[in-house]
Amino acid sequence: MPNNQTNEDSKLIDRDREVDEILEESKYLLDQEKMELTAQKYRAKQPVAEIFSNADKKPRLENSNPLDVDKEQTVNENEISGDKTATTLQAELVLEGTDDDYPSPQNEILKETEKNTEQDKNEKSEEKQETALEENKSTEQTNSDEKTDTDSENEDDEEIVTLTPEYSEGTTFSQDILDDVDQFNDNETHIKSIHTIDIDITDDDTKPPKAPNEPQGNFDELFKTPEPDVKQHKKVIAKVPVYRKEGEQNALNVKAGKFSEVVGYEYEEYIKSKNPSVIAHVIKPETKRTVIVEEDDDEVEPLDFHSASEKIMSSLVGFFSKDASDDNDTPVKETEVVDDYMGEDDEKSIMQEINLNIKKLFGRTMLTGGLALVSIIITVLVRLFPQAICSAVFFAPVAYAVINFLLIGFSTFVNRVSIMSGLTPLTHFKGNSDTAVALAAVASVIQTVVSFFCLYGVTGFDINYYTVIVLVAFFANNLGKLLMVLRVKENFKFTAADGQRYAAKIYNNESVATQMMSGTAVEQPIIAYQHRTGFPSNFLKISYAPDPSEDLASKLAPATSIIAVVVALLYGIFFGSFSGAVNAFALVCAVCVPVSTLLAVNIPMYNLCKKLLPTGAMLSGYPSVKQFCDSTAVMIDANELFPADSVFLDGIKTFEDYNTDESLLCGIAILKEAKNPIAKVFEKVVDETEGDLPEVESVLYEDELGLVGWVNGERILVGNRELMTKYSVETPSIEYEDKYIQSGKQVTYVARAGRLIAMFVTHYIADSILMPELHRAEANGISILVHSTDCNITNDLICSLYNVFYRTVKVLPTGLGTVLKECKSTFEETSRAYLITNGKTSAFLKAVSGSVQIKRNISLSIVIQLISIVLGVLLTATLALYAGVGVLGTLEVLIYSMFWGVATLVAPLIHKT
């Protein structure tokens with residue numbers, strides 16, 4: 001019996017426990033439902049996918065929901081269907097019982113035209129009045145002198161005539177200018193300025209008589225004035241530039257640009273004439289052609305008034321003359337040299353220059369590539385089938401020499417600019433990327449020329465020409481330069497595009513940087529960050545700056561040149577052969593050419609920039625890589641690490657009913673003011689009540705606890721359980737809280753004036769775009785420093801969500817986080833264009849990681865190229881001096897150079913940047 005009683009008791013206990021669990025589960029589900037409903041009220045509206053009307057995904061034109069039934073539209077009897085014109089609109093007004101007239105578009109246009117015409121007339125009248133006042137002041141002295149003179153014109157001549165071309169019947173024109181000069185066309189003439197001339201004219205009675213036998217030139221006929229009449233005319237001052245009609249005269253109009261020989265002679269005669277009183281007061285105005293061209297947005301080319309014959313003669317005269325004043329009438333357009341990108345005005349000229357360089361380099365690359373291919377084929381055929389070629393072609397050795405001479409000669413002509421730029425610094429015992437190949441080209445030309453004197457009696461291909469190595473090197477150099485210019489073009493498009501730009505920098509306070517990096521796995525505190533900038537400066541300077549290939553060439557080229565000369569001298573002394581010494585010089589110069597140096601730098605740079613530009617980042621050139629290649633950490637804000645689509649609000653649990661809506665708005669205002677990532681889930685509330693959100697007096701973030709702010713004199717707490725406990729706010733039990741955080745969710749409490757108002761249940765996910773960049777940064781030894789005002793974002797949360805090593809990430813404390821915030825919020829008017837982004841953190845991380853990786857790859861390729869040159873010099877010098885130049889054939893040297901060139905290119909491409 002006791003056992004049966006015990007069993008029954010245990011069953012009752014189990015039954016009660018099951019009932020309690022069911023009740024507790026029901027209560028939990030009810031709370032979940034209430035929290036969901038409350039959260040739905042404040043949650044940000046989720047983006048709704050577009051609803052399509054059919055299977056081909058064409059959007060519907062009317063109903064947003066295809067399940068909605070089209071409702072019959074109510075028809076208004078007084079409504080006029082169809083396209084509504086002015087007449088139908090007037091009819092509608094009549095049907096509605098309105099007597100108003102509907103203005104037609106034509107009437108509106110006429111009224112607008114009349115209004116504009118009246119405004120233009122008023123503006124012109126005001127301008128004319130101002131012009132008249134200025135003319136009155138400037139001609140006051142002239143008018144006082146003219147009042148003493150007798151006027152010779154009739155009253156009919158006093159009328160005001162506008163400046164339109166009118167010529168008397170006796171006027172003749174020089175035939176060669178009728179079609180060229182615009183002043184003689186029957187169009188309205190515009191005058192920019194008016195020149196006044198002060199002339200003291202003697203009376204007719206005191207005019208000196210002309211000598212009876214004095215020869216009279218044609219000047220008086222050309223420039224004589226009509227005899228004055230007795231009656232004087234009244235002086236009239238107009239508001240516009242005017243002229244008064246002169247009497248009829250037989251005038252010959254000549255070119256205004258220059259004095260012809262006839263006019264020049266007559267002018268000299270006029271100077272010699274006996275009228276010093278007139279000449280002393282004449283101010284000869286400068287004769288210029290005035291052309292009025294309407295301003296247009298496009299660039300207007302200067303007008304040329306000269307005929308074809310005059311242009312030819314001017315060119316011939318200018319070729320043999322150094323006088324710059326031969327043609328003062330034709331305006332000379334000065335070409336402005338753009339040193340660097342300074343603004344929108346430089347975009348067009350810079351892009352034109354880049355496109356021109358691309359065309360030149362592309363053509364040069366294609367030509368040198370074709371020449372190199374032909375030379376390689378000939379070299380292989382000569383080496384594999386020497387007997388067959390010699391038997392088929394009697395003069396095969398001579399033809400071989402001529403072909404090599406033509407190939408190297410034409411290649412030298414095509415690359416003459418590179419050769420000159422490479423040989424010029426060699427005179428100062430310096431070098432650049434073109435020095436080695438330029439010296440090898442000169443040596444090959446000398447070798448082929450000298451070989452012509454050694455072909456007598458030669459029946460085989462005994463002379464080894466090393467022109468093929470030079471041609472391959474020219475092709476590689478031109479291709480490397482072409483890739484560089486193509487990279488600059490694409491980067492310039494990104495730099496000149498509209499939109500906010502961010503410039504990357506290195507934090508320069510070493511002591512603070514050391515504190516930030518404490519606890520991470522790095523040694524040197526080199527921290528990169530980005531901030532807003534107004535304009536990226538020094539773009540072209542950074543883009544075309546020297547790279548490691550220039551540094552290598554500047555040191556190796558002078559040394560290898562001396563080695564080549566020394567080997568040639570020793571060969572001539574040991575073997576007593578001048579041609580052999582020249583061959584040895586050409587051999588050493590060819591081996592010392594770093595075939596793939598430019599490609600080893602520009603191919604990785606081009607590929608990296610090509611990957612960065614679509615993501616929103618731009619590296620200008622190798623100085624940019626050098627600037628960020630040693631970075632060990634980057635600064636990131638928590639809002640960048642967890643954007644809007646990475647934070648979710650699962651529910652809101654309300655507790656004490658103390659103006660719940662108002663209290664929640666206070667908490668949302670605190671989150672928004674502190675730029676907390678949780679504030680993004682309340683975008684709906686923020687958008688709807690932007691003007692009604694309470695004003696935040698102050699806010700402070702306490703490390704790993706939460707936010708403490710003041711709104712309307714009341715303290716608002718937004719944080720975790722520890723923050724509530726610190727300020728004596730009662731919270732639910734830990735068991736109750738654990739129900740929500742077991743599934744990876746976070747709990748945030750809101751308290752107002754010491755009372756617990758609500759509990760936010762949220763969860764975070766990793767950003768899919770940012771995650772691979774964090775992994776790439778971790779692989780390159782870059783740590784992540786995070787500034788956050790969210791107590792839920794910790795090192796453990798970031799490492800677990802983004803799957804990175806725990807010492808790779810560090811959430812900074814409040815003091816250091818403020819430093820990070822100030823650095824990222826800085827705005828500069830101009831910043832150097834080392835690394836420019838559009839603000840995306842993923843693009844910034846990708847660029848910094850790529851700089852670290854590409855620096856190692858380029859350094860490896862430079863070391864490989866250096867080893868190939870040193871080893872090649874030792875081998876060729878030793879074999880040439882020991883066994884002669886003949887043991888080193890052209891094909892063997894080509895294979896050696898190509899092997900090391902390919903090795904130099906493959907090494908940087910092994911690791912992905």
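A cavity is a set of points, on a 1 Å grid over the protein atoms alone, where a 1.4 Å probe fits but cannot get out. Grid points are joined across faces, edges and corners, and a volume is the space filled by probe spheres set on the points. This is a predicted model: local features need pLDDT of at least 70, side-chain atom pairs count only at pLDDT 80 or more, and totals for chains, interfaces and linings use all residues. Residues are numbered from 1 along each chain as its sequence is written, and side-chain values use heavy atoms, with hydrogens and water left out.

**View 1. The largest cavity has a volume of about 70 Å³.** Seven cavities of 30 Å³ or more turn up in a search of the whole structure. Lining residues (an atom within 4 Å of a point) of the largest cavity include Val-591, Gln-865, Tyr-896 and Trp-900. Helices H29 (841-883) and H30 (890-910) each give two or more residues to this lining; helices are DSSP runs of H or I with at least four residues, strands are runs of E with at least two, and both are numbered from the N terminus. H30 has the largest share, four residues.

**View 2. The second largest pocket holds about 820 Å³ of space.** A pocket is an open set of points with protein on both sides within 12 Å along at least five of seven lines. The pocket has 34 lining residues; Asp-637, Ala-674, Lys-675, His-787 and Lys-821 are the closest to its centre. H28 gives the most to the lining, with five residues.

**View 3. Helix H12 (residues 416-423) crosses helix H13 (residues 435-451) at roughly 110 degrees.** Their axes come within 8 Å. Axes are lines fitted to C-alpha atoms, for helices over the stretch in contact, and angles run from 0 to 180 degrees between N-to-C directions. H12 and H13 are therefore roughly perpendicular (65 to 115 degrees). Ile-419, Gly-422 and Leu-423 in H12 meet H13 residues including Thr-435 and Leu-439; contact means heavy atoms within 4.5 Å.

**View 4. Six strands form an open antiparallel sheet, in the order E7-E12-E11-E10-E9-E8.** Strands pair if DSSP finds at least two bridges between them. E7 (647-654) and E8 are the edge strands, each pairing on one side only. From one strand to the next, the twist averages 20 degrees. Seven bridges join E7 to E12 (residues 755-764). Gly-651 stands opposite Val-761 in E12.

Methods: Parallel < 35°, antiparallel > 145°, perpendicular 65-115°, else oblique.
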